[in-house]
Amino acid sequence: MNIAQSDIANMSSKQLTHDPSRLLQQRLELVEDLWQTVLRSECPPEQAERLLRLKELSDPNDVDILNKSATTSDAIVLLIREMDLAEAIAAARAFSLYFQLVNILEQRIEEDSYLASMSRFENQESLDESLDPFAPPLASQTAPATFRELFQRLRRLNVPPAQLETLLQEMDIRLVFTAHPTEIVRHTVRHKQRRVASLLQQLQSEFVVSGPDQESLRLQLEEEIRLWWRTDELHQFKPTVLDEVDYALHYFQQVLFDAMPQLRRRIISALSDSYPDVQIPQEAFCTFGSWVGSDRDGNPSVTPEITWRTACYQRQLMLERYVHAVQELRDQLSISMQWSQVSAPLLESLEMDRLRFPEVYEERAARYRLEPYRLKLSYTLERLRLTQQRNQQLADGGWQTSLEGLNTTNMDGPSSDDLHYGSVAEFRSDLELIRNSLVSTDLTCEALDTLLTQVHIFGFSLASLDIRQESTRHSNALDELTRYLNFPNAYGDMEEDERVEWLMQELKTRRPLIPTAVNWSPSTAETVAVFRMLHRLQEEFGSRICRTYVISMSHTVSDLLEVLLLAKEAGLVDIATGNADLLVVPLFETVEDLQRAPSVMASLFEESVYRDLLPRVGEQLQPLQELMLGYSDSNKDSGFLSSNWEIHQAQIALQDLARSKGVALRLFHGRGGSVGRGGGPAYQAILAQPSGTLQGRIKITEQGEVLASKYSLPELALYNLETVTTAVLQNSLVTNQLDATPSWNQLMTRVAAKSREHYRALVHDNPDLVAFFQEVTPIEEISKLQISSRPARRKSGAKDLGSLRAIPWVFGWTQSRFLLPSWFGVGTALSAEVDADPDQLDLLRRLHQRWPFFRMLISKVEMTLSKVDLELAHHYMTSLGRIENRDAFYEIFATIASEYSLTKKLILDITGNSRLLHADPALQLSVDLRNRTIVPLGFLQVALLRRLRDQNRQPPISETSFQESEVGRTYSRSELLRGALLTINGIAAGMRNTG
């Protein structure tokens with residue numbers, strides 16, 4: 001049907017694209033039908049009917065989710081009690097499968113919506129923002145924008161081309177993959193999920209028209225899901241660090257390697273429409289980093305040898321991709337000298353290659369005598385092969401391998417230190433030589449351009465490795481060193497001022513400090529070895545492979561100078577020449593450290609020795625300082641609202657400091673998947689950063705289940721990459737004074753302080769909170785999931801809150817449906833303002849409308865509150881809490897419930913809505929669906945955890961069901977644990993952002 005231009009002008013952007021909520025409702029029928037079909041095929045008839053009955057009882061279409069019936073919950077509990085352990089496990093697996101199918105469905109809808117928006121702007125370019133005179137100002141826009149949308153809008157706002165060009169040329173976006181233990185889906189299952197996603201895409205495609213085609217795809221889907229059903233969801237062994245490396249790099253192999261050139265083509269195309277004279281950004285405006293295999297903070301499994309092997313593995317993956325790409329290029333570039341000219345430089349290089357690779361010449365010259373491009377690429381393949389051979393020898397030999405022992409040539413060939421590619425620059429030079437020759441004869445080759453873009457972005461290293469270590473490891477090593485050398489004052493006995501003075505003196509001296517052949521303690525020996533390995537790594541791979549050293553729990557100036565001194569001893573820093581091959585990055589994590597950060601960095605910037613070691617960037621060659629801000633520990637320490645405000649304030653203070661000192665700043669955001677660890681929609685989070693703090697540079701961690709949700713499908717990955725880039729551009733171009741409004745800042749300071757006070761009163765000052773968390777959440781069982789090489793606690797055997805990492809802290813509260821770290825304290829803080837002055841509610845509403853930072857805070861709290869289920873959480877408490885703790889636990893629960901009600905009321909008052917998520921129907925529908933359907937898993941988990949924990953206190957229980965009166969077969973702890981772990985899997989899939 002044709003739509004009149006005037007009608008289109010009156011339609012919203014969402015109407016022009018796919019409506020996500022409508023698509024979810026339509027496509028959910030197919031997924032639920034497939035799920036039911038598989039259960040009926042794979043389970044005994046009675047069992048299948050009980051599982052479907054469970055689903056029916058929790059169906060949001062049949063149950064009023066606003067007024068949940070206690071009768072319904074009782075019916076679910078009764079049905080679960082009738083199950084034996086095998087059926088309970090089947091139920092856990094069935095609901096886990098259901099949620100993972102829904103996740104795939106929602107990812108497909110996100111992809112389709114993105115493609116629809118791309119198509120709208122490509123095919124109807126006249127339908128731009130001029131049709132919407134009520135579009136919000138750029139500073140207030142929160143809906144993710146594509147390149148084309150943003151550039152059209154910037155053009156309409158008369159943003160000067162020169163300003164945009166300067167920003168694009170200096171744009172530096174870095175996404176860092178980490179291996180934190182929140183992604184619990186097996187690699188094998190991920191493969192099956194991709195297969196199901198592909199089949200769903202084909203089945204729902206507009207081009208599937210015939211009935212037989214649809215039936216065939218439907219049968220393939222059923223077959224794949226049945227195979228998935230018979231696949232074990234749980235890891236059979238605890239993954240090694242290298243297993244985690246393989247898992248993280250999987251996204252590069254499957255999606256990102258091919259997606260990045262497409263991202264570049266899209267930004268070029270969008271620029272040509274709106275800003276045709278603006279120079280396109282560099283190929284590597286968006287690059288990747290990794291902590292997997294290099295983050296040793298609290299993970300003793302990450303040794304220098306592991307980091308070395310990780311680097312070798314990454315290079316091997318890239319070499320394999322380049323070999324494949326060059327082989328395809330050789331097939332494609334069949335240009336004959338009989339029909340085309342060839343550049344003189346290319347012919348000269350062929351003559352040099354003939355002398356260096358006589359075997360290749362003998363083998364290929366006759367075949368490619370008149371095909372110079374194919375001959376050149378044959379030489380290129382040989383050099384890649386030799387580089388692969390050398391890389392494998394280095395991986396096998398380890399980081400202390402002698403270079404003299406390597407052999408990358410045939411036995412009869414010449415000595416050939418220069419025959420392999422010593423750097424990616426040599427490989428790139430060969431490719432550019434070919435491209436220049438093609439261009440000189442008026443030819444282009446898209447495959448070659450794509451390969452060159454990939455080489456610019458990934459190099460031979462694929463992703464830069466960031467080393468991370470906790471600050472006390474360095475101070476302990478220097479203390480042991482100074483005691484061994486009989487210094488008059490051991491490092492551990494020095495005050496901070498003395499430490500800084502001594503460290504500066506040692507940095508300036510050329511005398512070696514660390515003697516060789518000393519039997520240090522294992523901790524010190526490894527600390528020293530890490531720096532020596534880093535020096536060796538850069539010698540072999542170049543500085544790009546690993547140039548960043550993150551110091552977690554940074555508190556003082558000496559924390560940074562310690563690392564510089566150890567780096568100097570390893571040859572990574574030369575004070576005399578002002579050269580440093582290592583960028584030292586402090587990670588400020590606690591609220592106190594965030595508040596102290598500006599004074600720490602001010603002291604360092606005053607030291608010319610330190611400033612001279614910083615790398616130079618931009619046209620003005622400013623020194624660059626990278627700083628990391630930790631969301632997880634500050635949240636665990638002070639609560640959601642206080643943590644976010646302190647990070648916001650620290651960013652402003654640090655950027656002001658850097659600007660006054662002539663230093664460029666790159667902020668590194670250590671965000672997790674959950675709101676309690678800084679997670680949430682990346683686009684809105686970037687826009688909420690203080691105005692003027694990005695300046696085109698940002699670094700963000702991507703971890704846990706976030707990797708799968710963002711990068712498992714090609715178009716979904718492109719959507720996330722494009723919207724992150726547009727958010728950085730938008731934030732960098734918008735200059736407003738909202739963050740500097742005194743009354744707003746004073747209000748937020750009061751609110752943050754009150755929130756922190758209330759949060760700490762419960763979490764840190766209540767002596768029963770740790771026991772509550774241990775008993776009422778599945779935290780101990782979570783630690784038994786074989787999902788990470790990293791321990792859940794910093795100190796083995798410790799049961800205190802301080803030793804528990806932030807990730808399992810959030811994970812445990814999420815499983816039991818409290819989600820406490822993401823909202824607790826917010827209601828009390830906001831209520832205090834409104835109670836003191838009712839007019840403050842109007843101010844809070846105005847902040848929500850106008851201030852991106854405050855709007856982001858409220859949005860995150862609103863989304864989290866929508867996932868809380870206190871009825872189910874109460875069931876966890878009453879069923880799992882010990883009798884002797886009942887009174888204390890009821891008091892804690894009452895505090896939580898009261899804060900929940902207060903927070904929900906204030907959020908609704910501020911947003912002006914009658915129901916949570918009312919302004920986002922698609923998200924509301926998704927959350928409603930999950931909230932009800934996840935209920936049976938919660939009851940199942942409680943039943944299994946109760947049995948499992950009872951067995952820790954008494955002999956194995958004989959049972960045929962969960963009714964204690966019945967006696968039958970005896971279930972072992974391992975069987976019960978397996979059932980409990982499967983429910984953890986299922987709830988994690990249902991909640992999506994677990995940690």
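Student: Okay, first thing: is A517 buried or exposed?

Tutor: A517 counts as exposed, because its relative accessibility is 84%. Buried means under 20% relative accessible area, exposed means over 50%, and partly exposed is in between, with a 1.4 Å probe and protein chains only. One heads-up: this is a predicted model, where local features need pLDDT of at least 70 and side-chain atom pairs count only at pLDDT 80 or more, while totals for chains, interfaces and linings use all residues. Residues are numbered from 1 along each chain as its sequence is written, and side-chain values use heavy atoms, with hydrogens and water left out.

Student: Got it. Where does A517 lie?

Tutor: A517 is in the loop between helix 19 (496-508) and helix 20 (522-541). Helices (H or I, at least four residues) and strands (E, at least two) are DSSP runs, numbered from the N terminus. A517 also has a positive phi, near 55°, and A517 isn't a glycine. Most residues other than glycine have a negative phi.

Student: Which other non-glycine residue has a positive phi?

Tutor: L819 has one, at about 50°. L819 sits in the loop between helix 32 (806-815) and helix 33 (826-836). L819 is buried, with a relative accessible area of 7%.

Student: Zooming out, how many helices and strands does the protein have?

Tutor: There are 40 helices and 11 strands. The protein has 995 residues, and 60% of them count as buried.

Student: What about the largest nonpolar core, how many residues are in there?

Tutor: That core has 134 residues, and W809, F818 and I896 have the most contacts inside it. A nonpolar core is a set of buried Ala, Val, Leu, Ile, Met, Phe, Trp, Tyr and Cys residues joined through side-chain atoms within 4.5 Å. Helix 6 (residues 85-123) gives this core its largest share, 15 residues. There's also a second, separate core of 89 residues, which includes Y114, F147, V342 and A708.

Student: And what does F818 touch?

Tutor: Leaving out residues up to four places away in sequence, F818 touches F772, V776, W813, W823, V868, L870, A873, F893 and I896. Contact means heavy atoms within 4.5 Å.

Student: Back to helix 6. Is E111 buried or exposed?

Tutor: E111, which is in helix 6, counts as buried because its relative accessibility is 3%. Setting aside residues up to four places away in sequence, E111 touches L713, P714, E715 and L716. E111 and L716 are 605 residues apart along the chain, yet their C-alpha atoms are separated by 5.2 Å.

Student: New topic! How do helix 25 and helix 35 cross?

Tutor: The axes of helix 25 (residues 640-661) and helix 35 (residues 852-867) come within 11 Å and cross at roughly 155°. Axes are lines fitted to C-alpha atoms, for helices over the stretch in contact, and angles run from 0 to 180 degrees between N-to-C directions. The two helices are therefore roughly antiparallel to each other. Angles under 35 degrees count as roughly parallel, over 145 as roughly antiparallel, 65 to 115 as roughly perpendicular and the rest as oblique.

Student: Which residues make the contact?

Tutor: From helix 25 they are F640, N644, W645 and H648, and from helix 35 they are F853, M856, L857, K860 and V861.
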